[in-house]
Amino acid sequence: MQKCVFSVLIYGYYYLEMGHSMLIFRIFLFSFVILCGSLSLFTESTFAQSSIVNPNQTYSTAKMLNDIKKLEQAYPGFIKKEVIGKSEYGRNIYAVSLGKGDSTVFINGSHHAREWITTNLTMNMIDKYAAAYKSGTKINGYDVKKLLNNTIIWFIPMVNPDGVTLQQFGLKYFPAKDHSKIIKMNNGSKNFKRWKANAKGVDLNRQYNANWKNLESPKAPSYKNYKGAKVATASETKAVLSFVEKIDPEMTISYHSSGQIIFWKYQQTGSRYTQDYKYASKLSKITGYSLVKPRSTGGGFGDWFNKVEKKPAFTIEVSPAVGETNVPLKNYSKIWSQNASIGLYTAQEGYKLFDTRNTAASDKVTKNIKEYNNTAAKLKNYYSQSKLTVTSAHKALYDKTVKEIKKQEKAIAKLPAKYRTKPNAALKTTKIYRDNSLAYMNGIKAGDDLVSANKKLTGYLIAGTLNDTTLTLYNNLINQITIVESKIKKMYSKDVQKLAKGKYVTPANTSKKNIGYDLARYELLLIMENDLKNGKYNEVKTNISNYEKLFTTYSYKNTEIQLSNMLQAIKDELLQLEPEEPEQPEPPIEEPGDSDTAPEAIEGDSAAH
């Protein structure tokens, strides 16, 4: 509209400058004003229409549920519903979410039965906001897509489905056995248009634990104002309280009717009073409704939320006052124009509160971590030192640091993802100190274990004990050397790594080499013993020759005795077991002329002649 008026002034000035008469200018001006007004009306009219929800009707629980299902189907994943509890007569109480962000705000309607026009309003908000999000359009200047990417608006469009059903349709949807009780609560009348409570005669907005004991109330269940025998005992109230604890909203709006007023104050003082008054003033400016003079009554949802959660809560009474009945549908169009952007404003300010709170929490965690890093840094004095020992002080500081890291990880996990970057960066430094310290201790422990393994193995050889256990210990030593080498590589400094390698790995490698000769001979002797049993005497002879090639000047005295004894036993057994080869007879010596063939040849020749 402002752009249109600006255009009128520009073009009007142009007309006058061009020498046109004032009459033509007036005709031109009138035409532009009509056009601008039409455009404005068209925009508002389009905005007031709903693609799914029709708010210009008596809005029952059945119609609400049907529309919720349609909205879910139209905007899958963006609009979600859940049943948060049941009414006193077993009707489902629905919550509907709209948006994708981390922060949440909460809007509810129809705490009171005759005030069901607020269900029309909240359902229409869901519909219109979702459509604007999808199309990327703004509503009254609010960037819906941006807001709903940051914030989820949770709605309970109808807190009191029993009461609304009774007010709209009378007794027919309630058990016959309860009709007389309900009529009695209505002071004998079968006209339920004034009904305000739930169907058990409890005023749900006088059930919350905020000055509940001091609330004035009828002595028995009634169509209005009975606060209940005990605080927060109605099924509907319990459902709301449980749901609010779950979603943890930053700000809440409770819609009621009628009077065009806003309740905002309940025991806030200091900065909270200043903050909430600022919000309330903006809500008043948007709606045109008056702020109720600060007073403390209690019992209402907004009173409880202000007192217990210590966050902003506002109760907005829509429509001019209509007395003890429902707001007529003819008032809805104006109600919508006054409240169309309230949910978006709430989402906007709720996100700011959420962001401020979580930024402060993130900064606090980050500060705590950085302060502790001054302590964690002392670990370096231990894992950089050359003594290659783990002191009790080192272990105690390491354990303390591990505990601190777990504590801060829990604190970080409570933050939304986008607020974890700074504290995680600070905690990375703490973890470096922890990891370097652990690598040092692991290297020392593995090295000490290697020393013990080497000592145990050499003890066997010194004692001259070569057996299966010795072989196992030797193979374990080889494996441990590899493990220790890998752990030493993870130790903090090259100097420490060099010292550790010299202390642990070098002696073990020397033992590995030297003991390897003895064990190689021992294993060869075992093979020869087995070959003897199987009659493979030639293989035994060959391996006796191979055995001599494995001899080294280095050997443990007792081990050498054991090996020599084993070898001699094999040789002795070989002599006993190997069969002697039989003697072959010598061939006869032939004399000259004794050949058998010569005479035959002579005889043959003689005969031939």
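Reply: Contact here means heavy atoms within 4.5 Å. Among contacts in the protein between residues at least 6 apart in sequence, 76% join residues at least 24 apart.

Some ground rules. This is a predicted model: local features need pLDDT of at least 70, side-chain atom pairs count only at pLDDT 80 or more, and totals for chains, interfaces and linings use all residues. Residues are numbered from 1 along each chain as its sequence is written, and side-chain values use heavy atoms, with hydrogens and water left out.

The whole comes next. The protein has 20 helices and 10 strands. These are DSSP runs, numbered from the N terminus: helices are H or I with at least four residues, strands are E with at least two. Of the 609 residues, 45% are buried, that is, under 20% relative accessible area with a 1.4 Å probe, protein chains only. The protein exposes about 32,300 Å², by the Shrake-Rupley method with a 1.4 Å probe. Carbon and sulfur atoms supply 54% of that area.

Now the pair. Two packed helices are described by the angle between their axes and the distance between the axes. Helix α17 spans residues 494-533, and helix α18 spans residues 537-549. Their angle is about 165 degrees, and their axes are 9 Å apart. So α17 is roughly antiparallel to α18, a label for angles over 145 degrees. Axes are lines fitted to C-alpha atoms over the stretch in contact, and angles run from 0 to 180 degrees between N-to-C directions. The crossing of α17 and α18 is left-handed: the near helix is turned anticlockwise from the far one by less than a right angle.

Which residues meet? From α17 come Arg-521, Leu-524, Leu-525, Ile-527, Met-528, Asp-531 and Leu-532. Facing them in α18 are Tyr-537, Glu-539, Val-540, Asn-543, Ile-544, Asn-546 and Tyr-547. By class, the contact of α17 with α18 has 9 nonpolar, 2 polar and 3 charged residues. Ala, Val, Leu, Ile, Met, Phe, Trp, Tyr, Cys and Pro count as nonpolar, Asp, Glu, Lys and Arg as charged, and the others, Gly among them, as polar.

Elsewhere, check the backbone. Most residues other than glycine have a negative phi, and most peptide bonds are trans. Ser-257 and Ser-258 are joined by a cis peptide bond, with omega about 10 degrees. Ser-258 sits in the loop between β7 (252-257) and β8 (261-263). Gln-260 is in the loop between β7 and β8, and its phi is positive, near 55 degrees.

How values were computed:
Parallel < 35°, antiparallel > 145°, perpendicular 65-115°, else oblique. Buried < 20%, exposed > 50% of the residue type's maximum accessible area, 1.4 Å probe, protein only.
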